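Trainee: I've got a model open and would like to talk through its metal sites with you. Could you take a look before I start asking?
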Amino acid sequence: MLKKFLLLTFLALLLAIGGALGYLSLRQPAVQPPRQGSVPMTEDRVARGKYLFENLYHCSSCHSERDFSRFGGPTVESGRGAGWVMPPELGLPGRIVASNLTPDPETGLGSWTDGEKIRAIRDGISRDGRVLFPMMPYEFYREMADEEAEAIVAYLNSLPPVRRRHPATKIAFVPALLIKSVPRPAGTVAMPDTGDRVRYGEYLAKMSGCIECHTPFVRGELLLEQKLAGGRRFDLPAGSVVSANITPDPSTGIGGWTEEQFIEKFYQYRDYVENGPPAVDAQGFTIMPWLNLSQASREELGAMYAYLMTQPAIRNPVETHPAQ
Ligand code: HEC
Ligand code: HEC
């Protein structure tokens with residue numbers, strides 16, 4: 001009797017799992033056709049795109065070859081925009097490869113339309129309809145204003161093509177099914193009012209990855225009740241680092257910092273950009289984009305500060321440089 005019951009329960013369980021997997025594998029992601037036409041290549045647009053790609057939104061952090069033997073991991077010139085294979089130390093579910101975005105027709109985006117590039121950045125859909133692994137932060141970029149996405153694409157088109165073939169991304173079976181629900185087409189997005197400091201600061205905190213890196217990450221998801229409270233750990237071959245608490249908590253966050261101190265913290269790294277960052281050991285390793293963001297304007301950093309100060313203060317002591 002008991003045996004029969006157990007057998008039936010087991011069969012029911014198998015059916016439920018099979019049904020769920022079947023449902024997930026048949027489910028189609030939300031895909032819109034890419035927009036038509038190409039982005040006009042004006043000098044202003046390319047310059048703006050360069051600043052967004054290299055500095056303010058530092059896409060280059062993931063899509064360029066970097067030298068982690070130096071503070072902040074500066075970009076290696078010959079590998080600018082040419083992609084990066086995520087190291088296994090990061091513990092990702094599979095082999096995740098940030099693509100070569102240079103205009104090389106075979107190994108980069110040279111044969112893509114501009115609409116396909118914009119769709120990949122904001123909707124999370126690759127040229128062939130594949131759902132991108134959401135380490136590519138399209139859940140945030142779907143709020144990126146049209147004019148900024150266009151500027152970035154103009155800059156990408158202006159890069160020298162680098163012929164560099166990486167292995168293809170290969171996401172583990174179950175996560176590959178689960179991420180199909182992540183994409184959501186961005187549609188048309190207007191630029192936020194940059195005069196509204198808090199609103200613009202929130203936009204920047206999303207586009208610049210502050211929320212993403214500074215929020216604890218548990219089982220593949222950001223723990224949003226602890227937004228900006230730090231504690232997300234990053235393990236790379238060059239060392240391990242944990243993000244800081246940047247909520248307004250006075251003792252464990254940045255509640256005691258003035259706006260001027262906040263801005264100066266970034267500007268202290270300008271010297272490293274000009275003269276080259278010093279060599280560091282594992283203890284000095286960081287992925288905080290200090291070098292890129294040291295070039296941000298007072299208005300941009302001030303807006304980020306204004307936004308951060310409106311967020312809930314969360315007490316969470318963090319050791320940012322754990323013993324290696
Ligand atoms: C945290 C790391 C990270 C950041 C930051 C990042 N990307 Fe990505 N990006 C990735 C990864 C990883 C992939 C590949 C995902 C996959 O293959 O499933 C990717 C894929 C892409 C693709 C699609 C390429 C293809 O072959 O399908 C484009 C285009 C792209 N990124 C552009 C950008 C731009 C522009 C920015 C900045 C606004 C940016 N990325 C910022 C990690 C990142
Ligand atoms: C790629 C991950 C990453 C991104 C993106 C990122 N941070 Fe960080 N941040 C870190 C890590 C890790 C640390 C701790 C190590 C260090 O100080 O270098 C840190 C440290 C800091 C500190 C120092 C806090 C202290 O107590 O000393 C501030 C301030 C800060 N980040 C603000 C920001 C802001 C604002 C943004 C968005 C513009 C941002 N970070 C984006 C990873 C990140």
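Trainee: Let's start with His63: does that residue count as buried or exposed?

Mentor: Keep in mind that this is a predicted model. In it, His63 counts as buried because its relative accessibility is 10%, which falls under the 20% limit for that class.

Trainee: What about Met136, how does its accessibility class come out?

Mentor: Met136 counts as partly exposed, because its relative accessibility is 21% and the buried class needs a value under 20%.

Trainee: Which residues come nearest to ligand 1?

Mentor: Of the 22 residues around ligand 1, the nearest are Cys59, Cys62, His63, Ser126 and Met136. By class, this shell holds 17 nonpolar, 4 polar and 1 charged residues, and H3, strand E3 (97–98) and H4 each contribute at least two residues to it.

Trainee: Which side chains place polar atoms 2.8 Å or 2.7 Å from ligand 1?

Mentor: Arg130 has a polar side-chain atom 2.8 Å from an oxygen atom of ligand 1, and an N or O atom in the side chain of Thr169 is 2.7 Å from an oxygen atom of that ligand. His63 also has a side-chain N or O atom 2.8 Å from a nitrogen atom of ligand 1.

Trainee: Moving on to ligand 2, what are the protein donors of its iron atom?

Mentor: They are His214 (NE2) and Met288 (SD), which lie 2.0 to 2.1 Å from the iron atom. This pair also links distant parts of the chain, 74 residues apart: His214 sits in the loop between H9 and strand E5 (217–218), while Met288 sits in the loop between helix H11 (270–275) and H12.

Trainee: Are His214 and Met288 buried or exposed?

Mentor: His214 is buried, with a relative accessible area of 10%, and Met288 is buried as well, with a value of 19%.

Trainee: How is the shell around ligand 2 made up by class?

Mentor: It has 14 nonpolar, 8 polar and no charged residues. Among the polar contacts, a side-chain atom of Thr286 lies 2.7 Å from an oxygen atom of ligand 2, and an N or O atom in the side chain of Trp290 is 2.9 Å from an oxygen atom of the ligand. The elements giving two or more residues to this shell are helix H9 (210–213), strand E8 (239–242) and helix H12 (290–293).

Trainee: Last topic: what do the buried residues of H8 pack against?

Mentor: They pack against helix H2 (43–56), H5, helix H6 (146–158), H9 and helix H13 (298–309). The buried residues of helix H8 (residues 197–207) include Tyr200, Tyr203 and Leu204, and just after H8, Gly209 adopts a positive phi of about 80°.

Methods:
Residues are numbered from 1 along each chain as its sequence is written. Chains are lettered from A and ligands numbered from 1 in the order in which they are written. This is a predicted model: local features need pLDDT of at least 70, side-chain atom pairs count only at pLDDT 80 or more; totals for chains, interfaces and linings use all residues. Side-chain values use heavy atoms; hydrogens and water are left out. Buried means under 20% relative accessible area, exposed over 50%, partly exposed in between (1.4 Å probe, protein chains only). A polar contact is a pair of N or O atoms within 3.5 Å; within protein, one must be able to donate a hydrogen and the other to accept it, and residues adjacent in sequence count only if both atoms are side-chain atoms. Helices (H or I, at least four residues) and strands (E, at least two) are DSSP runs, numbered from the N terminus. Ala, Val, Leu, Ile, Met, Phe, Trp, Tyr, Cys and Pro count as nonpolar, Asp, Glu, Lys and Arg as charged, and the others, Gly among them, as polar. Donors are N, O and S atoms within 2.8 Å of the metal (3.2 Å for Na, K and Ca); water is not among the atoms, so sites may look incomplete. A residue is near a molecule or strand if one of its heavy atoms lies within 4 Å of it. Contact means heavy atoms within 4.5 Å.
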